Structures are given as structure tokens and as C-alpha cells.
Amino acid sequence: MRIVFLAPPGAGKGTQGALIKQQYKINQLSTGDILREHKEKKTDLGKEARIYMDAGELVPDDIIISMLKEEIQKDSYSNGFLLDGFPRTIPQAEALDRIFNEFNLKIDAAILIEVPKHELISRLSARRTCRQCGASFHLIFNPPILPNICDLCGEALFQRPDDQKETILNRLKIYESTTRSLVDYYSQKGIVNRIDGIGEVADVFKRIKTVLESVKQN
Ligand code: AP5
């Protein structure tokens with residue numbers, strides 16, 4: 001199964017992606033996570049990406065497309081994958097179509113998790129992320145068992161620099177002005193599935209599972 005997430009920042013792509021990965025044994029390919037790893041390691045790509053990411057801006061298409069193309073060819077994605085955070089622009093979606101054509105692949109479903117803006121702001125403002133395994137928590141809705149320690153790997157949690165209020169607002173603005181147009185792009189292909197992203201994490205996952213079960217049968 002090959003799935004694309006179209007949700008705005010904070011809608012729960014990372015959270016739901018981890019559950020999909022576990023349930024369907026497909027790998028989650030998060031361009032944000034890959035970029036953060038480059039930032040951590042201070043690679044040339046990481047140093048360049050940092051300027052955009054910390055300001056809540058999109059990393060330029062040419063950089064992100066070549067990174068994605070290299071990543072997607074790894075053996076770990078041969079069973080299928082969930083694209084989390086890519087594409088985010090029309091040129092990225094067109095590049096993805098070309099890559100899929102080249103490798104004879106098809107996108108089975110585009111999942112749009114819908115969450116109102118005020119809730120996105122509240123989710124991102126109190127998010128804490130694990131530097132080691134990338135798991136994300138919320139101080140109120142989904143708190144770690146021990147304060148500031150990751151339940152999954154025991155590492156310390158931190159607040160992402162782009163989870164500051166002004167930067168969150170910029171990310172949401174860019175989603176509306178640029179990324180939301182992908183909903184039309186994939187609607188024209190007849191593969192968009194809208195999911196109500198409000199409610200418990202497990203309830204949202206149930207809704208996504210209903211969609212994916214029907215995708216699996218086709
Ligand atoms: P990226 O890492 O992709 O960030 P994002 O899209 O902004 O998404 P987030 O990771 O912030 O949110 P999420 O939807 O995964 O939510 P989560 O599950 O964590 O990208 C970061 C940056 O990298 C971009 O700004 C850009 O600079 C660059 N970049 C990446 N890809 C790029 C591309 N293709 N092109 C150009 N630039 C690119 O959940 C959020 C919070 O809500 C958590 O605290 C969680 O615990 C909580 N939560 C989750 N579900 C629920 C629920 N049901 N109820 C209550 N709380 C919940």
C-alpha cells in the first residue's frame with residue numbers, strides 16, 4: 001500500500017503514521033524527520049534546511065525532491081510506504097508522479113486529516129518530541145508517563161524550534177496558501193479520503209483504518 005498524507009501541521013500525521021506503520025507493516029517516510037536528522041548531524045543539507053525550517057518556511061522544491069527520490073529507492077520501502085509531509089507543493093506532487101511512473105508504482109490513497117485551526121495551534125504549542133525516536137506527545141492530550149521522558153525509548157523530550165507561536169502561525173499560513181491546493185490535485189485523481197481528525201487518537205485511527213481496509217480490498 002502506498003499512501004500520501006495531506007494534513008496540515010499538527011493534524012496528527014506523525015501520530016497516526018506510527019499506528020499505520022505498526023498495523024500495516026509499511027514504512028513511514030517523513031520528510032520532516034529526515035530533515036531534522038540532517039539538522040542534528042549538521043550535514044550541508046541540514047545546515048541549509050535549518051534556515052527554512054526554524055522560520056516555518058518550506059525547504060525549496062529541488063532540494064526536497066532529490067532527497068525524496070533517493071530515500072524512496074531504499075529497500076525498507078519496498079513493501080509500500082506512507083508519505084508524511086511530502087508532497088507539499090504542486091511541483092512536488094508532479095515530481096512524485098514522475099518518480100512513481102519511473103518505478104511503475106501508484107498512490108493508493110491520499111488521506112486528508114481535518115482539524116480546525118485553533119485546535120492545530122493548541123496541539124502544536126504543547127507538543128513535546130523525542131529527539132531519539134521522533135515520537136510525539138502532548139502535555140495535556142497525550143502526556144508521557146514520566147514528565148519529559150519518551151515512553152517508547154526513554155530519551156528526553158524537547159520542544160521543536162518551529163513549535164513557537166509565531167512560527168506555528170506561519171506554517172499554517174503556508175499550508176493554506178500552498179499545500180492545500182494538493183487536495184484538488186488528488187481529488188482530480190479520485191483518491192482523496194477526508195478524515196475527521198477531532199477526538200481521541202485511537203478513534204481517529206479507527207476512521208483511517210476503515211478507509212485503508214477498503215483500499216486494501218481494491
Ligand atoms: P514536518 O515535520 O512534516 O511538520 P508538519 O507538517 O508541520 O507536521 P507536524 O510534524 O508539525 O505535525 P503532525 O501532523 O505530524 O502532528 P503530530 O502527530 O506530531 O515538517 C517540518 C518542516 O520541515 C516544515 O515546516 C518544512 O520547513 C520542512 N519540510 C518537511 N517536508 C517538506 C516538504 N515536503 N517540502 C518543503 N519543506 C518541508 O501531532 C501534533 C500534536 O498533537 C502532538 O502533540 C500530538 O501528541 C497531538 N495529537 C495528535 N493527535 C491528536 C488527537 N487526536 N487529539 C489530541 N492531540 C493529538
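This is a predicted model: local features need pLDDT of at least 70, side-chain atom pairs count only at pLDDT 80 or more; totals for chains, interfaces and linings use all residues.
Q: How many nonpolar, polar and charged residues does the contact of H1 with H9 have?
A: The classes place Ala, Val, Leu, Ile, Met, Phe, Trp, Tyr, Cys and Pro as nonpolar, Asp, Glu, Lys and Arg as charged, and the others, Gly among them, as polar. On that basis, the contact of H1 with H9 has 8 nonpolar, 3 polar and 3 charged residues.

Q: Which orientation do H1 and H9 have to each other?
A: Helix H1 (residues 13–24) and helix H9 (residues 201–217) pack at about 50°, with their axes 10 Å apart. Axes are lines fitted to C-alpha atoms, for helices over the stretch in contact, and angles run from 0 to 180 degrees between N-to-C directions. Angles under 35 degrees count as roughly parallel, over 145 as roughly antiparallel, 65 to 115 as roughly perpendicular and the rest as oblique. H1 and H9 are therefore oblique.

Q: Is the crossing of H6 and H7 right-handed or left-handed?
A: Helix H6 (residues 117–125) and helix H7 (residues 165–179) cross at roughly 135°, and their axes come within 10 Å. H6 is therefore oblique to H7. A crossing is left-handed if the near helix is turned anticlockwise from the far one by less than a right angle, and right-handed if clockwise. H6 passes H7 in a crossing that is right-handed.

Q: How many nonpolar, polar and charged residues are in the contact of H6 with H7?
A: H6 contributes Lys117, Leu120, Ile121, Leu124 and Ser125, and H7 contributes Lys165, Ile168, Leu169, Arg171 and Leu172. By class, the residues of this contact divide into 6 nonpolar, 1 polar and 3 charged.

Q: Is the crossing of H2 and H3 left-handed or right-handed?
A: The axes of helix H2 (residues 31–41) and helix H3 (residues 44–54) come within 8 Å and cross at roughly 120°. H2 is therefore oblique to H3. The crossing of H2 and H3 is left-handed.

Q: How many nonpolar, polar and charged residues are in the contact of H2 with H3?
A: Gly32, Leu35, Arg36, His38 and Lys39 of H2 make the contact with Leu45, Gly46, Ala49, Arg50, Met53 and Asp54 of H3. These residues divide into 4 nonpolar, 3 polar and 4 charged.

Q: Why does serine 30 count as buried?
A: Serine 30 lies in strand E2 (residues 27–30). Buried means under 20% relative accessible area, exposed over 50%, and partly exposed in between (1.4 Å probe, protein chains only). Serine 30 is buried because its relative accessible area is 8%.

Q: Which residue has its backbone nitrogen 2.9 Å from a polar atom of the side chain of serine 30?
A: Not counting residues up to four places away in sequence, serine 30 touches Arg36 and Asp84. A polar contact is a pair of N or O atoms within 3.5 Å; within protein, one must be able to donate a hydrogen and the other to accept it, and residues adjacent in sequence count only if both atoms are side-chain atoms. The backbone nitrogen at 2.9 Å from the serine 30 side chain belongs to aspartate 33.

Q: Which residue's side chain is joined to that of glutamine 28 by a polar contact of 3.1 Å?
A: Glutamine 28 is in strand E2 and is buried, with a relative accessible area of 19%. Its side chain reaches the backbone nitrogen of alanine 18 at 3.4 Å. The side-chain polar contact of 3.1 Å joins glutamine 28 to aspartate 84.

Q: What distance separates the C-alpha atoms of phenylalanine 137 and arginine 127?
A: Phenylalanine 137 is in strand E6 and is buried, with a relative accessible area of 8%. Not counting residues up to four places away in sequence, phenylalanine 137 touches several residues, including Arg127, Pro143 and Leu157. Phenylalanine 137 and arginine 127 are 10 residues apart along the chain, and their C-alpha atoms are separated by 5.6 Å.

Technical notes: Residues are numbered from 1 along each chain as its sequence is written. Side-chain values use heavy atoms; hydrogens and water are left out. Helices (H or I, at least four residues) and strands (E, at least two) are DSSP runs, numbered from the N terminus. Contact means heavy atoms within 4.5 Å.
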